[in-house]
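Try each task yourself before reading its solution.

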Amino acid sequence: MAIRFEEEKRIFILETAGSCYQMQADEYGVLLHLYYGRPVKGTTEHLIHHEDVAFSGNPYDLSDYRKYSLDVLPQEFSSCGVGDYREKSVELAYADGSFGLDLRYQSYEIHKGAYKIEGMPAAHDEEGKSETLIIHMKDTVKEVEVDLYYGVFPRQDVITRTAVLRNVGEEKVTLYKMMSANIDFQYGEKDLIYLPGKWGMERKVERTYVNHAAIHLDSRRGTSSHHMNPSVILCDPLAGEDAGECYSFQLVYSGGFQISVQKDQRGTIRLCGGIQPDQFVWQLNAGESFIAPQAVLCYSSDGLGSLSRKLHRFVNKHICRGIYMKKKRPILINNWEATYFDFNLEKLTGIAASAAELGIEMMVLDDGWFGKRNNDKCGLGDWFVNEEKLGGSMGALAEKINQMGMKFGLWFEPEMISEDSDLYRAHPDWALTQPGRKPNLGRSQMVLDMGRQEVRDYLFEQISSILKSANISYVKWDMNRSISDAYSAALPVDRQGEVYHRFVLGTYDLMERITSAFPEIMIEGCSGGGGRYDLGIMYYSPQIWCSDNTDAINRTSIQYGSSLFYPISTVGSHVSVCPNHQTRRVVPFHTRAVVAMAGSFGYEMDLQKLSEEEKEQVREQVRLYHKYYDLVHEGDYYRLTAPGKASFMAWEIVSEDKKEALVSVVITEIEGNRCPRWIQIKGLDPEMQYELEDGSVHYGSDLMYAGLPVAPALKEYEACQIYLKALI
Ligand code: DGJ
């Protein structure tokens, strides 16, 4: 049983293989957070103690008992306007202008399997090994109820959470903030790890000690964004890759978000996360409810590496969906960096033919095939094939590619509209713009009002008819700007604060319709590379173009940051030309392939222009991709170095049975009078003997504890792969 309720003490116990989470509905009905950490045998109500804390007031019904204050007790879902001065989980107002929410426990339900969230992505569980707890809470005065959901996934040490707020009264309720979850860590020092970034340099890793200064990590861009990923880790300040307690918190959400962390006056650290409250105002009429996006929590007592591996397994099994979670992903060639908008049938078939000859399995036609889209200033929304440019129909092009033995994929950017498009001329009100004000443009484009059914119907019809017209196996779903001017011509004045979230819901709805109608097609998410690299998008598209930056050296750190939370299978990663189009850096061809192989592999260049020697290298890379596919996609990922901490980056993938491992090393900088480079390999069986490709044989213990010198001859930006196979 993953979920237990100790009736007498009113304690809820959520248990996974390596974690335990406890909470108690106390005698006043306040739902207190008791404990989250390593499995414990008993209950932990002894951790709660009451003290008279000056300037931390007491609920009226307990006013004779000054030792009880909502301001200091650890809570499961913090209240609003009734004396807890820390971060609120909810902010609202009633018709009479009052704003209090003081939730008290009513009842609970326990179910087998994972809960669903209507209209939003949520962790799924086909095997029915998870359990769901729903705790019903109600305000002490107003007709408002909150249900707290907990999904327990025992094998991956994951607990999911969400909250539903219901207006069960007669009057309107206005919501200004509705978080998915808060967690109060009553004691202990913590570091916060998070992933800031920018376009082309996403998911850098920052780490800071949590103190009394409030930390608000967020995106106000309407998307989860390049600038901050909706994922954090709270850990012991001494925690590292292989030791220390770590807790991760991630949102299954692709819109603007906020995650805040702060130590309070008495040392409790509150983590609170959910939809970005800035510009969020949601009206709840009588009988209506609002559900927050799901949050995913994971715990590891053994450091960041183990935490990441649990998350990788969880994302692969319980977030990503579709046939490509089991089916081998084809190596693709994408024409974007080879041609940009400047292509015709001859160029495309030339690239495809050269790719087919080298063993590449799918050709993806990127931006520029529709409407009058010959540059990035026009055409978005006009999803009509430009047959003149393609020298015929999409079906005919796909057939030509198929005849070469390759699958065919196509780029779309559904959520956008260009001012210079037939769609905008016909429906100017479909673009998000404020009355009387010219909108802010991003890449010269505007954002479609995805909250509108007719907009989504138009997109579904157009996209479907193209997908039906040709043998298309893959769609790259792009989104190339931050959202602004979030005003909908279709909503009344008092509902404009709903536009950002309605946009996200509308996008999810369209993604759901397309993935259900075309289950054979794999969607690769993209938002100028990694601008929506989140669990919400991964629910619809099992891989995401990780960054527009294909510079292999920069990619080692982008992929390092991504690996904290996301598995290799989700990382779209390509070999591109040098000098690199983003950084102008020149990196050996082999290195580019070694880095791209730590992801869903492909090429992004005109292969016709390669020398014979380079073509031979591509053939070899294709061979290695196939050789290592199962290991890379199903194995356990280990970070062996961190960016900036060594003169090289190294990572490793070990098969579940520990009989195979692949270590990749990239030299990121070179210095005079260089010291030898060593790595301690991880995750092997200490008793097993492993053979390296140079014929040497070592015990796992020797490779892990003593280590291995790394190819001393490697020069700047060179790379190697070390393949280890157990002798059995
Ligand atoms: C941004 C993407 O990240 C690129 O790969 C490419 O698809 C362009 N958009 C096309 O406009």
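Helices (H or I, at least four residues) and strands (E, at least two) are DSSP runs numbered from the N terminus, and two strands pair if DSSP finds at least two bridges between them. This is a predicted model, in which local features need pLDDT of at least 70 and side-chain atom pairs count only at pLDDT 80 or more, while totals for chains, interfaces and linings use all residues. Residues are numbered from 1 along each chain as its sequence is written, and side-chain values use heavy atoms, with hydrogens and water left out.

**Exercise 1. Describe the surroundings of the ligand.**

Step 1: List the neighbours, where a residue is near if one of its heavy atoms lies within 4 Å. There are 13 residues around the ligand, and Asp366, Asp367, Lys476, Asp478 and Asp548 come nearest.

Step 2: Sort the shell. It divides into four nonpolar, three polar and six charged residues. Here Ala, Val, Leu, Ile, Met, Phe, Trp, Tyr, Cys and Pro count as nonpolar, Asp, Glu, Lys and Arg as charged, and the others, Gly among them, as polar.

Step 3: Check the polar contacts (pairs of N or O atoms within 3.5 Å). A polar side-chain atom of Lys476 is 2.7 Å from a ligand oxygen atom, and one of Asn480 is 3.4 Å from a ligand nitrogen atom. Gly529 places a backbone N or O atom 3.0 Å from an oxygen atom of the ligand.

Step 4: Turn to area, from the Shrake-Rupley method with a 1.4 Å probe. The protein buries 97% of the 290 Å² that the ligand exposes when taken alone.

**Exercise 2. Which strands stand at the edges of the open sheet?**

Step 1: Write down the order, β31-β32-β33-β38-β35-β36, six strands with antiparallel pairing.

Step 2: Read off the ends. β31 (636-639) and β36 (697-699) each have a single partner strand, so one side of each has no neighbour in the sheet.

Step 3: β35 (residues 689-692) and β38 (residues 719-726) pair over three bridges, and Lys725 in β38 is the bridge partner of Glu691.

**Exercise 3. Locate a cis peptide bond.**

Step 1: Find the bond from Cys578 to Pro579, which is cis with omega near -5°.

Step 2: Place Pro579 in the fold: it sits in the loop between β29 and α11.

Terms used
A polar contact is a pair of N or O atoms within 3.5 Å; within protein, one must be able to donate a hydrogen and the other to accept it, and residues adjacent in sequence count only if both atoms are side-chain atoms.
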